[in-house]
Amino acid sequence: MAKTSNPNPVLLRWSKHTPTSKVQDPLGTSLRGSARLASQLLHCITSITSRARYFTFIPWCVYDYKLREQNPAADLRKAISLREQALTLGCVSNHDGKACQGGALVGSRNAIKWFESHRSGEADFRRISFVKNPALDAYYNSLVNLGVFVTDEQLPDTDEATEHTFDDIELSALGSELASRYDSCVGRLKAVKQIASSERQCSVKSLKTWGSRGGLCELADPLAPDRSLLRDIFFCRMPMQGESHPVRRRSLLLILELCRQLNEAGCVFNHSAFSDAVYYGELATEDEKVSVHVPSALDDIATRWRMFYFHYYMSVAFEGLFSGLVSRLVDAELQGEVLASVVSSIYEENVVGEIAELFGISTDAFSGQSSPAALFATLGVPLSRLDAQVSKRIDSTVRINSGLAEPLLEFLIRRPQFRHRSTGLAVSLILLVTTIARYRQWEGTKYGNWFISAAAYDRHLDLIPPLVSTYLASRFGDWWNCSWREIAAFVLSRFIVQQHRDMSYEKSASGDSCLLQVHETHICTTGSYDKIGVGNPRFGSAVQILKDLGLLEQTEDDDMFITPEGEIFLTAELAQEPVR
Amino acid sequence: MKYLDFPSLLDSEPANLALLSTFNFDPDYFERILLRCRALSKARRIAIFMDAGQWMQLRLQDTPARWLNRRYLVVPVRYSSGVFHPKLDLLIHDDSGQVLCGSNNLTRAGCSHNLELVNSIRFHCGNGHGAEHVALGKSAFRFFEMLIEHSQGEASAVVESWLKEEKRFLGWTEETAASHQNGESLQLLHTLDGSLWDQLQKTIAGAPLKRMLVISPFYDADGEMLKRVRSTWPKCRLEVIAQQHTSDLPVAAIEKAHIPIELREVGCRPRRLHAKLLAWDTEGTGGCFVGSANFTSAAWDGRNIEACLFIPNPKKLTEALFDSTLHTRSMHVGDFVAGNEREPQLGDDESALLSLRSAVLIGAHSLQFSYRCSAALGAIALSITIRAGGEPRPRAAIGVPIVEDGSHVLQIEQQVLAEIRGSILISLLAQTPDGERESLPLWLIQEDRLTYEPSVGDSANNQSSIVEDGFLLPEYLEELGKREGASALVEFLGHLNLHFHDGAKGSANRRKFRLRRSDPFHPDVLPEWWHSALFAPSDLRKAIGQFVRRHEDRRLKKHAKRGNINGMENFLDIFVAIVRLLYVYRKRTVVERDTLIHHISRCLLIATTGIKEIKDGSKGYLLTLSHNLQGNRKVLQHFAGELNFGGYLDAALLIAQMEKAPTCKHEQPASEWVAVDGAAKEEKKRIRSLLPQLRTQLDKGLLAAGIRRATPKRIMSALESFEMMSKDDLATYRSTLAIHMH
């Protein structure tokens, strides 16, 4: 017989509220799409592993621990952390109280504060702590994947891994080589020996010497003993296990090559330039268009990066819609708003007029009743169903200097004055439609297949252009000729409201990272969301690593150039690269 | 006041039958939060009654429902004069239950965001107390029975049969509730018994009202109910608690009719006031109605289906509603800013031209559905499309006759549905001269799946015990396969690792330190799920093979390498699990004969003298054991004898020999020879001489460890303890052993 746990009735009680927690990546497009694609394109270079010297320094810490550590009680993790702090202070000291440029060592901020009052004193690392989480945490997986440590597969019996701890990790031949190269420039320093001793004390002056030889920025010096080996690793110039390392190599070569071409053309090389180059094969300057010629050996990787940017622009469009919707709902307060009225606001006369003026189109092209096909017909794209041919036509029509080009639409969406009005919703919708239509030509190709395989693990939650395209086709059939109003209603309902609510459960079991509450007919928001978080953070890390390796350099005006050494390197490597 | 977490009310024992009702329904929230609560996660059956108009809206959206009409049944209710609006739940156990009656819908907003009033009453039969609570349970049961009349489609028939079945076993549903309807006990009131207004007047029974308190988000646009209270009880103080910007208090109508209300605004941002309460004080007593009824004539006059709880003498409870954590402030009616959301309205029905009304899967492959394809549509061809939940494209489209109104039964091919592990969406697709036209999709009712009957105890507990010793693995796979299809089985086997332990410190219950490289690059081919590719039988065969190989390599060989006698029990557990899995799936012709023989041979070699192919040259388990215990073999002999180690090894060898036997003469497997005629007798004699090298290695291992070869009795004992053979099989094995012994 079942027993009841509480026989007393619970009467007239208010229900409990689950408050909203912080919302980031509200539609999951960064974590689930961008990050997956970028992890394949730049394997082992993450958004938080931007300094190449760490890739030799951490193996050296393991090497030094096994060779010189004198405190028997110290475990490896603490030993690495200790050496990291010493290097941090050494670099700050070497830069005369400043952090390294291009990505400081972890803990630099606290080290600077400490340095200000102890410039010529002694550092006792039993008492100093600059940081709680060492850089080891960020770099560890990349180091493992690069083959710096002996892995389970290389052990004779994988089951023995159950006996292992972090303290047992061993450097592989590659890891030992990296470590010994770093050791050749710092191993004899007094500070290194003192840090390995039980006292853990050394002078700031001696740490400065360590920083001057083994700091992050000093890797760019042609005499740095570990630089060439790091180049070999990042550019996969040695046998490396797995498919992903050659892909990273080609990505890095592509960055170098595009930088070289844009330097030649007198253009600035940065993230925007890179994305335009791979997405359009051209850049717009104030006066003209600059064409980019991707060498055939890099055509494959450039196309894969293009897939990345299809996802990027789609994500910007979705986040623009999300941000715009939330802005409206913030204004509506508790009362909330019916989704249909949000849709209607996109096609109000003033919004349609503003869109027409912005893009130089007639107001008929973007009314609630007109269709994407009608809008693009005003640019010369034939009125027809959206197929690969029409997609190619859109691709050739909407070029970098077109009013409907994705970078311009992105620029508008990122401006708060647009984002907070219905115009922002309209521009986001146009960006979405343009991106999906341009992508259509890749469906069924090997790149389209890779796109799906690489970025979508869950057909419902992983919003990527191929899936969105399929959903639109599934919902409307010929969605290209459906009205903007119908498309907007579906997109807001399925890809914004529902997606955000679904994603909130992916982030926490209680689903509390949710800003949208649906009340029968009305939608309310429980907070604001005022940013478009979509980006390509790994690109910045890759560029920094190329700078650290002496292949790129940045001027005081932040202009990026390929170094003469970089050009020679690039030419040699491209010659080695087979045409795909 | 302490706020109450609604899902926590569902953390009671698993229900036999859970009957829930709501106006609108959020399957995603329900599945992710409420369905994980104890009362529902293992409930035998779950039915959710919801408004038919809202059901239509749900079908219009691409709702991520994974288990709808598979784990729980949704029953749309259409009420001709209004909406279906109650929020009444009844959880039924063997002789107890729980009634929940409140204002919250089964949505995320209703259960975790809005300001709602909730009530929960547990009842228990047969202890002499709480008869009024049992009566409440009975009323709730009756309410759900009455709903059948207004329910739509096949779901109605399914839930009706559930209710009938439940009623047969539950004595308490027959108890009379009349004795408790005296105005002094808790009562369930609903509009299927007549208007709430009439019931209110009957409850008050002409007593002079001193004060009436109304909490409601929605009101009549003309203030009808407020006017009615005023005219019925002109001397009564009328207090209204509302929320600005959400409650649609008809300010203009109130002012125009000069209704003297004392208005208080509740401040609880960002929460929306969605509670509904009508409380009154009479001389010395009072009562309240709390539940789903907004203060509108549609709710109180019975045009909607509503359900409320009557609570006698609730003064202390109502006074406790507002305190420092939730306060109200008086305000002038004219200053009140009303919300623009209106009370729930009757929704539209599906398009008359092309609609799928209901669909149910009978048995494994029979799809029965009713539909309409109007002649006005001019359809040239009509088909029914089938998708698994979340699939972007239909996995199958099957032609159906074009009829104005009708029902049809289709036999679906096994591979179309066999591997779907969740909800199934179907829709009608018409080819017309103007192009394609598709009906709203409908979640197919998978009737056989809606009743949760764990066949071998509790699945979760099974899973943990399987990981521990692996013994019930084939039975668990059977249950899993039935419930979720062969793909789930393949997936489960792919991830299952039986525990290793041999008594060495730290080898158990410690998170393993792993150092493995990843290679994220994906090839330029579509993932299988993109095509909704179905699993072929070979996938299961492969999964079993991989599981066995993994456990040979990572568990048995590890034991063999270490040779720790404390691990002998674990070694046997894994050994037996492997043999059972191979044998059961050999019987089902999933595992091939040679595969079974190959793996049993490997396991036996690992158990005894080792496999030559092992590069590190490690010996078999018995050899290592005998080496480690060379100073005290008696311990080994004693422990091996206690566990019947030799008996299990010989039993496994016999199974392999019986499989090997058919190649001699008989077509059928040796295990199926029943008659012991002369020829068969000769064959059986030969069986034990099969696989001679394996026999030699087994004997060598036993000899090294000083363990005697098992007697036929001990071998039979081991065979029986496998618990995998039929009586006939066991008889065959027994006679084979007997013949050999002679």
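Biologist: Does Glu333(A) count as buried, partly exposed or exposed?
Modeller: This is a predicted model. In it, Glu333(A) counts as partly exposed, because its relative accessibility is 39%.

Biologist: Where is Glu333(A) placed?
Modeller: Glu333(A) is in the loop between helix 12 (296-332) and strand 6 (337-338) of chain A. Its phi is near 50°, a positive value in a residue other than glycine.

Biologist: And what about the phi of His258(B)?
Modeller: The phi of His258(B) is positive too, at about 55°, although His258(B) is not a glycine. This residue is in the loop between helix 9 (251-257) and strand 10 of chain B. With 68% relative accessibility, His258(B) counts as exposed.

Biologist: Turning to peptide bonds, which one is cis?
Modeller: The bond from Arg269(B) to Pro270(B) is cis, with omega near 5°. Pro270(B) lies in the loop between strand 10 (261-266) and strand 11 (277-282) of chain B.

Biologist: Let us step back to chain B as a whole. How many helices and strands are in chain B?
Modeller: Chain B has 25 helices and 23 strands. Of its 742 residues, 59% are buried. Among contacts between residues at least 6 apart in sequence, 76% join residues at least 24 apart.

Biologist: What is the strand order in the open sheet of seven strands?
Modeller: The order is 1(A)-6(B)-5(B)-4(B)-1(B)-2(B)-3(B), and the pairing is mixed. Strand 1 (10-14) of chain A and strand 3 (73-77) of chain B stand at the edges; each has a single partner strand, so one side of each has no neighbour in the sheet. From one strand to the next, the twist averages 15°.

Biologist: How do strands of a sheet pair in general?
Modeller: They pair through backbone hydrogen bonds, either parallel or antiparallel.

Biologist: In which sense do strand 1 and strand 4 of chain B pair?
Modeller: Strand 1 (residues 17-22) and strand 4 (residues 88-92) of chain B pair in the antiparallel sense, over four bridges. Leu19(B) stands opposite Leu90(B) of strand 4 of chain B, and the bridge partner of Leu17(B) in that strand is Ile92(B).

Biologist: What joins strand 4 to strand 5 of chain B?
Modeller: Five bridges join strand 4 of chain B to strand 5 (residues 96-101) of chain B, and the two run antiparallel. They form a hairpin with three residues between them. Ile92(B) stands opposite Gly97(B) in strand 5 of chain B.

Biologist: Which way do the residues of strand 4 of chain B point?
Modeller: Leu88(B), Leu90(B) and Ile92(B) point one way, while Asp89(B) and Leu91(B) point the other way, and all are buried. Strand 4 of chain B is thus mostly covered, with five of its five residues buried.

Biologist: Which strands of chain B does helix 3 of chain B lie across?
Modeller: Helix 3 (residues 52-60) of chain B lies across strand 2 (45-51) and strand 3 of chain B, at about 100° to strand 2 of chain B. Helix 6 (residues 153-169) of chain B lies across strand 1, strand 2, strand 3 and strand 4 of chain B, running at about 110° to strand 3 of chain B.

Biologist: Why is helix 3 of chain B described as largely enclosed?
Modeller: Seven of its nine residues are buried, so helix 3 of chain B is largely enclosed by the rest of the structure. Among the buried ones are Trp55(B), Met56(B) and Leu58(B). The buried residues pack against several elements of chain B, including helix 1 (27-32) and strand 15 (354-362).

Biologist: How do the axes of helix 18 and helix 21 of chain B cross?
Modeller: The axes of helix 18 (residues 593-607) and helix 21 (residues 645-660) of chain B come within 9 Å and cross at roughly 155°. That makes helix 18 of chain B roughly antiparallel to helix 21 of chain B, and the crossing is left-handed. The residues of this contact divide into 11 nonpolar, no polar and three charged.

Biologist: Last one: is His559(B) buried or exposed?
Modeller: His559(B) is buried, with a relative accessible area of 1%. Its place is in helix 16 (residues 537-562) of chain B. Leaving aside neighbours within four places in sequence, its contacts include Phe500(B), Asn564(B) and Tyr621(B).

Key
Residues are numbered from 1 along each chain as its sequence is written. Chains are lettered from A and ligands numbered from 1 in the order in which they are written. This is a predicted model: local features need pLDDT of at least 70, side-chain atom pairs count only at pLDDT 80 or more; totals for chains, interfaces and linings use all residues. Side-chain values use heavy atoms; hydrogens and water are left out. Two strands pair if DSSP finds at least two bridges between them. Axes are lines fitted to C-alpha atoms, for helices over the stretch in contact, and angles run from 0 to 180 degrees between N-to-C directions. Contact means heavy atoms within 4.5 Å. Buried means under 20% relative accessible area, exposed over 50%, partly exposed in between (1.4 Å probe, protein chains only). Angles under 35 degrees count as roughly parallel, over 145 as roughly antiparallel, 65 to 115 as roughly perpendicular and the rest as oblique. A crossing is left-handed if the near helix is turned anticlockwise from the far one by less than a right angle, and right-handed if clockwise. Ala, Val, Leu, Ile, Met, Phe, Trp, Tyr, Cys and Pro count as nonpolar, Asp, Glu, Lys and Arg as charged, and the others, Gly among them, as polar.
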